[in-house]
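Visitor: Can you walk me through the charged pairs in this one? Keep it brisk.

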Amino acid sequence: DGNTSGIYVEGSVTHTAYTSDGGTSNPYWKLDLNGEYCIMRVKVWNRAEAAFKILGFVLTIQLNGNEIWSSTSSAIDTSVAARSYEFPIDDSVHGDEVIVTLPGDNRILFLAEVEVFGTSTICVPSEV
């Protein structure tokens with residue numbers, strides 16, 4: 001919706017399901033791009049008043065069901081609370097899905113916004 005507010009009561013934050021025990025195991029949010037894109041940057045916007053709830057999340061880019069890129073190899077530290085996390089994708093990758101996962105048991109994934117920047121044209125390496 002383009003709203004990066006992150007304030008839960010303003011209605012711009014989504015979350016995964018609650019269960020009678022609390023959260024679920026490894027909850028995730030997935031964006032299906034309905035085609036292959038050259039992804040250059042992804043920005044994940046956090047819940048503002050409870051930034052700790054997203055600590056340790058993993059961002060992945062997939063193509064045809066195969067992991068192409070993961071934030072686990074990124075310099076961005078998701079174990080530190082932040083308002084947003086911006087992932088520059090070195091040498092831009094082709095992908096058709098962007099997934100945010102919160103590893104662990106009894107977890108609830110809260111997200112304010114996920115922005116994916118790229119193009120439907122061929123990826124051009126950063127060094128030509």
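**Salt bridges and a buried threonine**

Guide: Arg41 and Glu86 form a salt bridge, with their closest N and O atoms 2.7 Å apart. A salt bridge here is a side-chain nitrogen of Lys or Arg within 4 Å of a carboxyl oxygen of Asp or Glu. Arg41 lies in strand S2 and Glu86 in strand S5, so the pair ties together parts that are 45 residues apart in sequence. Strands (E, at least two residues) are DSSP runs, numbered from the N terminus.

Visitor: What kind of model is it, and what is counted?

Guide: It is a predicted model: local features need pLDDT of at least 70, side-chain atom pairs count only at pLDDT 80 or more, and totals for chains, interfaces and linings use all residues. Residues are numbered from 1 along each chain as its sequence is written, and side-chain values use heavy atoms, with hydrogens and water left out.

Visitor: Which side chain does Lys43 meet in a salt bridge?

Guide: That of Glu86, at 3.9 Å, N to O. Lys43 is in strand S2 and Glu86 in strand S5, 43 residues apart. Lys43 is buried, with a relative accessible area of 16%.

Visitor: Which residues make up the network, then?

Guide: Arg41, Lys43 and Glu86 are linked in a network of salt bridges.

Visitor: How many salt bridges are there in the whole structure?

Guide: A search of the whole structure gives 4. One of them joins the side chains of Glu97 and Lys30, at 3.6 Å, N to O. That pair links distant parts of the chain: Glu97 is in strand S5 (residues 84-101), Lys30 is in strand S2 (residues 28-45), and they are 67 residues apart.

Visitor: And how accessible are Glu97 and Lys30?

Guide: Glu97 is buried, at 15% relative accessible area. Lys30 is partly exposed, at 43%.

Visitor: Why can such side chains pair at all?

Guide: Because side chains of opposite charge can pair when their charged atoms come close.

Visitor: New topic. Where does Thr60 lie?

Guide: Thr60 is in strand S3 (residues 58-63). Thr60 counts as buried, at 9% relative accessibility.

Visitor: What does Thr60 touch?

Guide: Glu67, Trp69, Ser70, Glu97, Val98 and Ile99, leaving out residues up to four places away in sequence. Contact means heavy atoms within 4.5 Å.

Notes:
Helices (H or I, at least four residues) and strands (E, at least two) are DSSP runs, numbered from the N terminus. Buried means under 20% relative accessible area, exposed over 50%, partly exposed in between (1.4 Å probe, protein chains only).
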